[in-house]
Amino acid sequence: MNPDDHRLIAECLQGRTAAFGELVRRYQDRLYNTVYRLVDNSEDAQDVIQDAFLNAYQSLNSFKGDSQFFTWLYRIAVNTAISFKRKRRVVLAIRSNRPGTGDSEPLDSSEFSRPEHALEKAEQERRIQGALQRLSVEHRTVLILKDMEGQKYETMAEVLQVPIGTVRSRLHRARLELRELLQQDEE
Amino acid sequence: MLPDRLSRMLTAYVDGELNDDQRKVVLRLVRRSSEARDLLRRLQSDADCLRQLPRPVLGCDVSAQVLRILDGQKTNPTASKSVAPKARVPVVLGLAAAAAVLFVLGAGVYFVAMGLKEPPSQLAVQTGDLIASTDTPELDDPELPPTLETKRGGLSEQAGLGASVQPELLQHSKSPRVIAEEKPAPLPELLGAPQKDENSGVSKENSLGFPARPPVDFRSPAVHLTLNRLVRDLDLEKRRQEIEDELRKGEARRLDLTCKETAVGMERLQAAFKAQGIRLIVDPGAQAHINLRLKTDYALYVDSLSPRELLAILGDLRNEDRKAESKRRDSGQFERLVLNVMTPEDHQRLIKLLGQDPTELKPKPKAPTEIDIHKPLSEGTADRVIDTLKGQGSPPRPPPGQAGPKQPSQSAIAVDYNTGHSRSTSTDVKLFLENWKERRTGTVQMLLILRSIKN
């Protein structure tokens, strides 16, 4: 484990909350991308990140240090996002007769300035993000962890607390399902 | 329809989790089966699209909010049991909410009994309003510790109102933000929408006492766009000069080059590098993708490239495109180039792609020369003549008046930019890293990304 993390965790356990603030600042940005893609809304993502850090703080004494602190934190954030998404799905089912207030997908300003290129890219991003959101939360999670975060099977298994074989199968099914959804869009 | 076992191998290939032997099996499979080839191409393309989704940036620092909540709870992680997440709202408030609901229900029954026949929907609205009005003082109370629970939990939820409660009531059991979305002003302000300081334009704290969130910035601050040009503009001396000037400003640059068929683009780049005496080593995985004509992106890294060499390479690419365009309009391959500084993120990505940091390489100590000083010089000369006659010595001199082919003095490496395959085991990457030579003065470290223009 990173010695700095180790020191900060020790200080937290001694009751110095400022040390935890340091850990939050260190990892909040890295967690945000994954959580944002899971919940598909920037404000929800911020809430989830906040909850995840609070949950992490409350169970910090259970962190044994046998994995990287970030991996442990990542697991908490992913689980918090998944349970948030499940709760939200129930609420949305009740509210389904109301117009949605989802975030519009941001455009990548760093993309090349040709307007039609930006439009094509935005359209492609919209399609892929739309398909991603139609996947089950388990399938979406593995795709985000693999393709967007570049995690290995082992780390994913650790984060999701499932065997590596399950990660492999989920990814397989997720890729085929995503392909099918995109195919439907194309048709 | 491909058998499940084979499609699993293809997805694992896209995951980058196969070893060298398994990868060879997959590549053999896709060479033989058009169905497998098609599926792999599509899966790879989907994965590329996911990888290229913009990375949103957290526009604020949540540490202040987290610390405020923790300070409000006055707890520490060793006493986590005492911080049971279920202890959300003071019991008194829960009871007050329950009493309010009972009161409304009672009132409703009373009005019905009195024959007023109030419509049920109106009753529900009234109930919701009452719940909301019970929420409001709680949320607006500056004395109340700003806990996570008060921020997110609604009273109806805390009061134990479950599935039997009407949907309208359930809607109010969600986070204050959701309530704010549903109800027009003044609730949104009350519930913590960012308020701007009229003088400074900076967001102030909201009514909960949390610092108001600044707008989320999705644009990566790490991107410093320096030059964005059409490749065909390289025909203009002015544009070439701009690139040269830009390259002279720094030591590490990233060049994004968009291309219609990256496999063709790679072949042209290989030839253009070779013409500059740079051997482009292509990783076997990337080579397999080139052979399969996959529409994927490639990363090329060269440790020492002078501005003139880069311009010559780009010029060669442009010449090829010009030839193609003279036969058919819009048949050029390369479209646009974007020159940026190499950011720390690019550097990290490069390390990940190569399995080692190429910018940290040190020159190898020179091996002792194999000249035997006790041996007469003439004998060595004779050995070299024999080697040359056998075809193992130095290449023959070009005929007088002609320049010989430029011998590769350095190498560049090309890998698949999107794949997750670990490169640390690739012999070609090792070869590139081992053959590292000290950087020449006036040159830059160049990461060139050949990007596929997706149709």
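Start in chain B by selecting strands E4(B) and E7(B), residues 444-452: they pair in the antiparallel sense over 6 bridges. Strands here are DSSP runs of at least two residues and helices (H or I) of at least four, numbered from the N terminus, and two strands pair if DSSP finds at least two bridges between them. Zoom to Tyr301(B), which stands opposite Leu447(B) in E7(B).

A quick note before moving on: this is a predicted model, where local features need pLDDT of at least 70 and side-chain atom pairs count only at pLDDT 80 or more, while totals for chains, interfaces and linings use all residues. Residues are numbered from 1 along each chain as its sequence is written, with chains lettered from A and ligands numbered from 1 in the order in which they are written.

Color E4(B), residues 298-305, by burial: 8 of its 8 residues are buried (20 or more other C-beta atoms within 10 Å of a residue's own, C-beta atoms being placed from the backbone).

Next, select H6(A), residues 137-148, and H3(B), residues 34-51. Their axes (lines fitted to C-alpha atoms over the stretch in contact, with angles from 0 to 180 degrees between N-to-C directions) come within 9 Å and cross at roughly 80°. That makes H6(A) roughly perpendicular to H3(B) (65 to 115 degrees). Show Leu143(A), Asp147(A) and Met148(A) against Ala47(B), Leu50(B) and Arg51(B), which make the contact (C-beta atoms, placed from the backbone, within 7 Å).

Terms used. Parallel < 35°, antiparallel > 145°, perpendicular 65-115°, else oblique. Contact = placed C-beta atoms within 7 Å. Buried ≥ 20, exposed ≤ 12 C-beta atoms within 10 Å, placed from the backbone.
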